[in-house]
Amino acid sequence: MYRKRGARGRARARTSAAVLGAALVIAGCSSGDGGGRDGGGDGGGGRDGAEIGQRPGGADPFWVDPDGRAAEQVARYEKAGRTAEAGQIRKIAEQPTGLWIGPENPGQQARGYTRAARRAGRTALLVLYNIPRRDCGRYSSGGAADGDAYRAWIDAVAEGIGDRPATVVLEPDAVPHLVDGCTPARFHEERYDLLKGAVTRLKALRRTKVYLDAGNAGWGEPRQIAGPLKRAGAEAADGFSVNVSNFYSTEDSIRYGKELSAKVGGKPFLVDTSRNGNGPYTGGDPKERWCNPPGRALGEAPTTETSDPLVDAYVWVKRPGESDGECKGGPKAGEWWARYALELARASGA
């Protein structure tokens, strides 16, 4: 059985007024040491005063949101004189992470984020997670009401991106849940059609790359997902993504990705390294090891210099510090959890 990978409440993400040019608030609330706004700005520092700049270009082309939740947490810690904690959270705030486009005003969100990225000479990393009946009724259940609503949502996202550079991770879990029995068989045909249509619509954009999600090294055998991945539009996509919101090591993730690539025409892939520094958690209830596991650490920084021609980039699709769900003392999926963010940062070392 495929294990749910958590933190899917990023569909609750918010995009800042600095990016949108309007006070758009989709959803979300504070947790732990304080909440924050999840979205973008094009300035050089957080809204409350933390100076957050872009990473050096070249190896890391993705945009760092200087007004994200981690940046706001840095500002709060600095204001309170908690400089050690602020320094730890900077490890997160100064890395590019994905914007999980929410269900409301998707065009505005995509437009604001990609505009801010382009102004900084960078590429926006976007995550689309709104497929009908997503997450099989678990912590991040929901998604579009039906197929027509999803198509309209994808159209709005595509119009928002326009001709600006964007890298899109398309529908975490959507294909694996077709294989593991989590999504009822009567909805399979529709989901394949929606995913293939989304790939086609997004690939019509001149400067957009699309990666279909393909599970993780602990999910199952690559041969199980290869056929469904192709049926969902992998051949037209730029590649696929692995380890989204999970904790499998980069080495294991690359091994899984290469085995799958060989079965889908040699497609390249992205690896989510956001929280895989200590590998997967092996204690507690096996069914919930994915959910806010203790003792995890930040992984490799985002980069396109992976030393492997099949690995297009290491990316932080999951936003470290956002909860996987209401387990192990965590808040709702996608909400900022400062204590867990500090644990991840501290465990990653200097």
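Predicted model: local features only at pLDDT ≥ 70, side-chain atom pairs only at ≥ 80, totals over all residues.
Local features need pLDDT of at least 70 and side-chain atom pairs count only at pLDDT 80 or more, while totals for chains, interfaces and linings use all residues. Numbering runs from 1 along each chain as its sequence is written, and side-chain values rest on heavy atoms, with hydrogens and water left out.

Start with the inside. A nonpolar core here is a set of buried Ala, Val, Leu, Ile, Met, Phe, Trp, Tyr and Cys residues joined through side-chain atoms within 4.5 Å, with buried meaning under 20% relative accessible area, exposed over 50% and partly exposed in between (1.4 Å probe, protein chains only). The largest such core has 51 residues, and Leu126, Leu128, Tyr150, Ile161, Leu170, Leu202 and Leu229 have the most contacts inside it. Leaving aside residues up to four places away in sequence, Leu202 touches Leu128, Ala158, Ile161, Val168, Leu170, Thr208 and Val210 (contact: heavy atoms within 4.5 Å). A second, separate core holds 23 residues, including Ala93, Leu298, Trp337 and Leu344.

Next, the largest pocket. Its lining consists of Pro61, Phe62, Thr123, Thr167, Arg207, Lys209, Tyr211, Leu270, Thr304, Asp312 and Ala313. A pocket is an open set of points on a 1 Å grid over the protein atoms alone, where a 1.4 Å probe fits, with protein on both sides within 12 Å along at least five of seven lines; lining residues have an atom within 4 Å of a point. Strands β4 (208–213) and β7 (311–315) each give at least two residues to this lining, strands being DSSP runs of E (at least two residues) and helices runs of H or I (at least four), numbered from the N terminus.

Then there are the salt bridges, 18 in the count, each a side-chain nitrogen of Lys or Arg within 4 Å of a carboxyl oxygen of Asp or Glu. Glu190 and Arg133 meet at 2.3 Å, N to O. Glu190 sits in helix α7 (residues 188–203) and Arg133 in the loop between β2 (124–128) and α5 (147–161), so this pair ties together parts 57 residues apart in sequence. Helix α7 also supplies Asp193, whose partner Arg151 belongs to helix α5, so that bridge links parts 42 residues apart in sequence; its closest N and O atoms are 2.8 Å apart. Asp193 is partly exposed at 43% relative accessible area, as is Arg151 at 37%. In the bridge between Glu85 and Arg82, the closest N and O atoms are 3.5 Å apart; Glu85 is buried at 18%, whereas Arg82 is partly exposed at 32%. Finally, Arg69, Arg319 and Glu322 form a salt-bridge network.
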